[in-house]
Amino acid sequence: MSNRYRNNKTLIDDAFIYICGLLFVALLAVYFIRGFSQDVEDKRTAQEYGKMSEIADMYASNIEDEFNVLVSFVRATASQISEVGGARSPRALELIKNTPNKKDIVGMSIVFPNKTYITAEQIDIPKPAMSVQFCSETVVLHRLIDNREYMVIIVPIYEHGIVTANLRALILGNRAKYIVTQKIFKGMGDSILIDTNGQCLLHTHAKDMILSRYNENFFEMLKHSSFTSNTTVDDVINAVREEKEISFSFTADGEERLAFLRHVPVEDTNVCILVSA
């Protein structure tokens with residue numbers, strides 16, 4: 001083998017090693033750049049998510065305040081009934097006759113343990129609103145009556161420290177939606193007020209169609225959705241029952257949504273702020 005051949009082979013081998021080295025360095029650079037870019041993107045996403053969570057907290061607080069005003073109003077009326085002589089006094093009938101149309105209440109009634117009740121003559125209280133069991137503490141319920149959504153607030157009436165009757169306030173759902181209807185995330189967000197069983201009490205129009213498929217139950221809707229975060233339905237249910245906040249993402253009807261679930265210390269309710277991902 002000639003010296004020229006050996007020299008050429010050596011040059012080719014050196015060139016090959018050099019090119020391989022350059023390719024390795026280039027690939028390594030691309031790897032680190034991509035990793036750095038992803039890290040920056042992850043941090044930016046986390047910061048944005050953190051800001052959205054703070055905004056959700058603010059909206060949840062506003063909803064809590066509005067809801068608390070409504071429930072407190074019904075409680076105050078129950079206290080007035082106790083002060084004017086009790087649930088069977090003539091003044092009690094006068095109070096429930098004059099109170100409706102305030103705070104979006106369409107009707108009030110006084111219900112006794114034997115399911116008999118007193119109501120103002122001009123106010124038509126649907127019987128399903130009367131069929132709820134007698135309650136010894138404040139309860140907020142959702143009722144679908146004649147294809148219309150209602151929220152029923154039940155407050156005990158006391159006489160000498162003993163619960164002798166319930167005051168039931170009937171609120172037409174679409175008249176109380178102002179509580180949850182706000183321009184959340186510049187109009188891109190929605191909110192749902194639920195009880196500890198996931199039953200919807202109030203919600204914005206954008207989610208009406210989805211919730212109606214699952215008997216207006218938020219948990220049932222989630223069971224038929226797919227989670228895109230490391231969260232399960234049980235995690236959400238446990239967070240609600242333990243009065244903890246939780247944030248997660250899920251896909252329903254082909255649309256991914258971010259959910260910020262917050263406890264509302266008004267009759268064990270919770271508000272879920274939803275926004276498209």
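**Notes on the predicted chain**

1. Let's start with the overall contact pattern: among contacts between residues at least 6 apart in sequence, 49% join residues at least 24 apart. Contact here means heavy atoms within 4.5 Å. Keep in mind that this is a predicted model, where local features need pLDDT of at least 70 and side-chain atom pairs count only at pLDDT 80 or more, while totals for chains, interfaces and linings use all residues. Residues are numbered from 1 along each chain as its sequence is written, and side-chain values use heavy atoms, with hydrogens and water left out.

2. Of the 277 residues, 41% count as buried. Buried means under 20% relative accessible area, exposed means over 50%, and partly exposed is in between, with a 1.4 Å probe and protein chains only. The chain exposes about 15,600 Å², and carbon and sulfur atoms supply 53% of that area. Accessible areas come from the Shrake-Rupley method with a 1.4 Å probe, and for residues only the protein chains shown count as cover.

3. The arc is that of the directions from the helix axis to the C-beta atoms. Just after α6 comes E243, with a positive phi of about 60 degrees.

4. Which residues of helix α2 (residues 90-98) are buried? They are A92, L95 and I96. These residues cover an arc of only 90 degrees around the axis, which puts them on the same side of α2.

5. Now for H142, which sits in strand β3 (residues 139-145). At 9% relative accessibility, H142 counts as buried. Not counting residues up to four places away in sequence, H142 touches E149, Y150, Q199, C200, L201 and E216. One of these, Q199, is 57 residues from H142 in sequence, yet the two are 7.4 Å apart in space, C-alpha to C-alpha.

6. E216, another residue that H142 touches, has its own point of interest. Its phi is near 60 degrees, a positive value in a residue other than glycine. E216 belongs to the loop between α4 (208-212) and α5 (218-223), and at 11% relative accessibility it counts as buried.

7. H160 isn't a glycine either, but has a positive phi of about 55 degrees. You'll see H160 in the loop between β4 (148-159) and β5 (162-172). Is H160 buried or exposed? At 83% relative accessibility, H160 counts as exposed.

8. M108 and L170 are 62 residues apart in sequence, with 6.2 Å between them in space, C-alpha to C-alpha.

9. Back in strand β3, there is V139. Leaving aside neighbours within four places in sequence, V139 is in contact with V152, I153 and I154. The C-alpha atoms of V139 and I153 are separated by 6.0 Å, with the two residues 14 apart along the chain.

10. Last, the largest pocket, with a volume of about 280 Å³. Of the 13 residues that line it, the closest to its centre are V139, V140, D195, E267 and D268. A pocket is an open set of points on a 1 Å grid over the protein atoms alone, where a 1.4 Å probe fits, with protein on both sides within 12 Å along at least five of seven lines; lining residues have an atom within 4 Å of a point. Grid points are joined across faces, edges and corners, and the volume is the space filled by probe spheres set on the points. The lining divides into 3 nonpolar, 5 polar and 5 charged residues. Nonpolar covers Ala, Val, Leu, Ile, Met, Phe, Trp, Tyr, Cys and Pro, charged covers Asp, Glu, Lys and Arg, and the others, Gly among them, are polar.

Conventions. Helices (H or I, at least four residues) and strands (E, at least two) are DSSP runs, numbered from the N terminus.
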